[in-house]
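Let's take a walk through a protein model together. Have a look at the picture first, then read on.

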Amino acid sequence: MNETNTRQPVLDSLIQSRQLQMLKAMVPYFDSGHQRSLSLAIRLVELQKTLQLFNAEPELQAAELHTCENEPTMERIRHMLTAIKEFCTPQEAESIDNMINLFEMYTSYETMMAEGILPA
C-alpha cells in the first residue's frame, strides 16, 4: 500500500468521525487487555454506523454511495479500478492501468462493431 496516501475509501469517509480517529490514536497507550477492548468497541461503533448508513431510505443515503449507479458496467469497472489504484503499490497500479487500457480497448472495439466500422 502507498504509505503516503492519506485519502480514505468512500465508505470509510462516511462512517468515520473525528472522535473515532481520536479513540484509535489512543489505543497504543493502553495495556494489551484495554487495547483489545477499545479496539473492539471502535469496530462495533463503525459496524453500527455502517448498518445505519445502509438501512437508511435510499433517498437519504449518502450520494457518494450511488455516484456510478446509472453508468454502464464497463464505465463502473473503470471507475472502480481507478479508485482501487490509489491504495496500490506501483507494481499493482501498473497492472490496474493495464486492465483499464484493456477495458478501454474492448469498449472501443464494441463501439466500432456497433457502428459498422469493423466487420462482424
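## Ground rules

A polar contact is a pair of N or O atoms within 3.5 Å; within protein, one must be able to donate a hydrogen and the other to accept it, and residues adjacent in sequence count only if both atoms are side-chain atoms. Keep that one handy for later.

This is a predicted model, where local features need pLDDT of at least 70 and side-chain atom pairs count only at pLDDT 80 or more, while totals for chains, interfaces and linings use all residues. Residues are numbered from 1 along each chain as its sequence is written, and side-chain values use heavy atoms, with hydrogens and water left out.

## The whole chain

The protein chain has 5 helices and 0 strands, with helices and strands being DSSP runs (H or I, at least four residues, for helices; E, at least two, for strands) numbered from the N terminus. Written out from that end, the order of elements is α-α-α-α-α.

How far does the C-alpha trace span along its principal axes? The answer is about 70 × 40 × 20 Å. The radius of gyration of the protein chain is 21 Å, whereas a compact globule of 120 residues would have one near 14 Å. That radius is taken over C-alpha atoms, and the globule rule is 2.2 Å times the number of residues to the power 0.38. Of the 120 residues, 14% count as buried; buried means under 20% relative accessible area, exposed over 50%, and partly exposed in between (1.4 Å probe, protein chains only).

## The loop between α1 and α2

Gln16 sits in the loop between α1 and α2. Is Gln16 buried or exposed? Gln16 counts as buried because its relative accessible area is 15%. The side chain of Gln16 makes a polar contact of 2.6 Å with that of Glu46 and another, of 3.3 Å, with that of Lys24. Setting aside neighbours within four places in sequence, Gln16 is in contact (heavy atoms within 4.5 Å) with Gln8, Gln21, Lys24, Glu46 and Lys49.

Ser17 is also placed in the loop between α1 (10–15) and α2 (18–26). At 18% relative accessibility, Ser17 is buried too. A polar atom of the Ser17 side chain lies 3.1 Å from the backbone nitrogen of Leu20.

## The loop between α2 and α3

Now for Pro28, found in the loop between α2 and α3 (32–55). Pro28 counts as exposed because its relative accessibility is 53%. From Pro28 to Ile117 is 89 residues in sequence and 62 Å in space, C-alpha to C-alpha.
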